[in-house]
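Hello,

Here is the structure I said I would pass on. My notes on it follow below.

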Amino acid sequence: MENVLKLAGDQAILTEFREGDADRAADAFVRAHQDFVFATALRYLQDRDDAGDASQEAFIKALASLGNFRGESSIRTWLYRITVNVCSSMKRRKTVRSMLSLDGIGALLRSRDSTPEQALEDQNFRDNFDLILAQLPPKQRETFVLRYFDELSYEEISQMLGTSVGGLKANYYQATKKIAQLLESGNYE
Amino acid sequence: MNNSEQHRNTLSRSEAELKLTDFVFGRLSAEEQAVFEAALDEFPDLRSEADQIRSAFAGFDRQDYLERRKLAARNVSVHVQEGLSSAHRAGQRNRRFLLRMAPLAVACIIAVVFFPPFNDPTVPAGDESAFNEDGMPVLDGLDEFLQEAGQENIAELLGDYPANLLDGSELSDGELDAADAEILLETSWHVNAGMPVLDFLPEVVYEDELQSLFDGVEHVASL
């Protein structure tokens, strides 16, 4: 039911973007998906500031072509791909920067920008459950998060990750079993 | 539920395992749930596994996690707005720059068309006052020198090459142009280079040529 409502919301945003107030529609679009995009970026990049930058870049790219979105996949599938591509590019750039030994300077600049409130928020968000998720293989982690938290269908996740539905179900089962074991043992720090 | 499951109304163990998580988290339809529960009777260890997962996740507040995720991402929309505004401003700046540059570009094109940035090869560079109305250098004492040396001897010795220098007024425009072109041919790269620092070179070379001419004439005159 939630997915149907979400789809109706996306359709309304798309119609508004194409035929009505594009700015208002763009704002609604970003607000509707910002936590999904940010969380995806954070899982890939493991850094709050980088995830923020990647989310911004992903949304700007998405909004540039939202008017031409043909609806061959769901909005979330499309956004997920854009976000992952942006994160991959960002990772490559970071690798080049670190090869050029500029990473230390970047880290220094970032640490200057980070306020104590942000650091605390960061710590709260990246709580124990994130430590558990970090112990899963990437594909199992992505499958679990997209199914359990984002409540996407196996077909959507299959499009996002390029894995068969059967494979996804197996990943989801394995991931859930592992998380349950870690939650019970408390041995994940 | 696929067709085979619908017909059988039972699940193999591996099929049941793949549905276990969705069963625990309540993501199965009523029909699927009924089929799964029938499978649990057949595989009781799966029931205990389901209970274990349910119990482990009981202490985890999914909704709270999602709320904190939302909170962590709350500034993204603001950053996107900033990024869009910044991109918009950059676009406006580029448009303004292009609009400002357009007249300048047109002016440059007009200037290049009407005032080519190359020296005119028919007019040597340098002080215009040093040239006569035919565009030839004015050399002090040349006329007197030629009178003394005798124009015929000199013309015979030097042929057509210096004729325009000796008495350009008697040559046709075409001959004058040909003579000018011949003299300037060797120095054309200086002329066409268009570099201000080289502008004086054609004249230097030109006068060097004239000096050679004087030497030749002086030699003939001394014979």
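Tyr154(A) is buried, at a relative accessible area of 6%; buried means under 20% relative accessible area with a 1.4 Å probe and protein chains only. Tyr172(A) also counts as buried, with 1% relative accessibility.

Before the rest, some conventions. This is a predicted model, in which local features need pLDDT of at least 70 and side-chain atom pairs count only at pLDDT 80 or more, while totals for chains, interfaces and linings use all residues. Residues are numbered from 1 along each chain as its sequence is written, chains are lettered from A and ligands numbered from 1 in the order in which they are written, and side-chain values use heavy atoms, with hydrogens and water left out.

The whole structure has 21 aromatic pairs over all chains. Rings of Phe, Tyr and Trp (its six-membered ring) pair if their centres lie within 6.5 Å; planes under 30 degrees apart count as stacked, over 60 as edge-to-face and the rest as tilted. Phe129(A) and Tyr65(B) make an edge-to-face pair, 5.7 Å centre to centre with 65 degrees between the planes. Phe129(A) is in helix α7 (residues 128–134) of chain A and Tyr65(B) in helix α5 (residues 62–72) of chain B, so this pair joins two chains. Helices here are DSSP runs (H or I, at least four residues), numbered from the N terminus. Phe129(A) and Tyr65(B) are both buried.

The rings of Tyr154(A) and Tyr172(A) are also edge-to-face, because their centres are 6.3 Å apart and their planes at 70 degrees. Tyr154(A) lies in helix α9 (residues 154–161) and Tyr172(A) in helix α10 (residues 165–185), both of chain A, so the pair ties together parts 18 residues apart in sequence.

Arg147(A) lies over the face of Tyr154(A), 4.1 Å from the ring centre. The charged end of Arg62(B) is over the ring of Tyr148(A), at 5.6 Å from its centre.

Leu66(A) is in contact (heavy atoms within 4.5 Å) with Phe29(A), Ile75(A) and Trp78(A), among others, leaving aside neighbours within four places in sequence.

Last, helix α3 (residues 48–65) of chain A has 18 residues. Among its buried residues are Arg48(A), Asp50(A) and Phe59(A).

Regards

Technical notes:
Buried < 20%, exposed > 50% of the residue type's maximum accessible area, 1.4 Å probe, protein only. Lys NZ or Arg CZ within 6 Å of the ring centre and 35° of its normal. Expected span 1.5 Å × (residues − 1).
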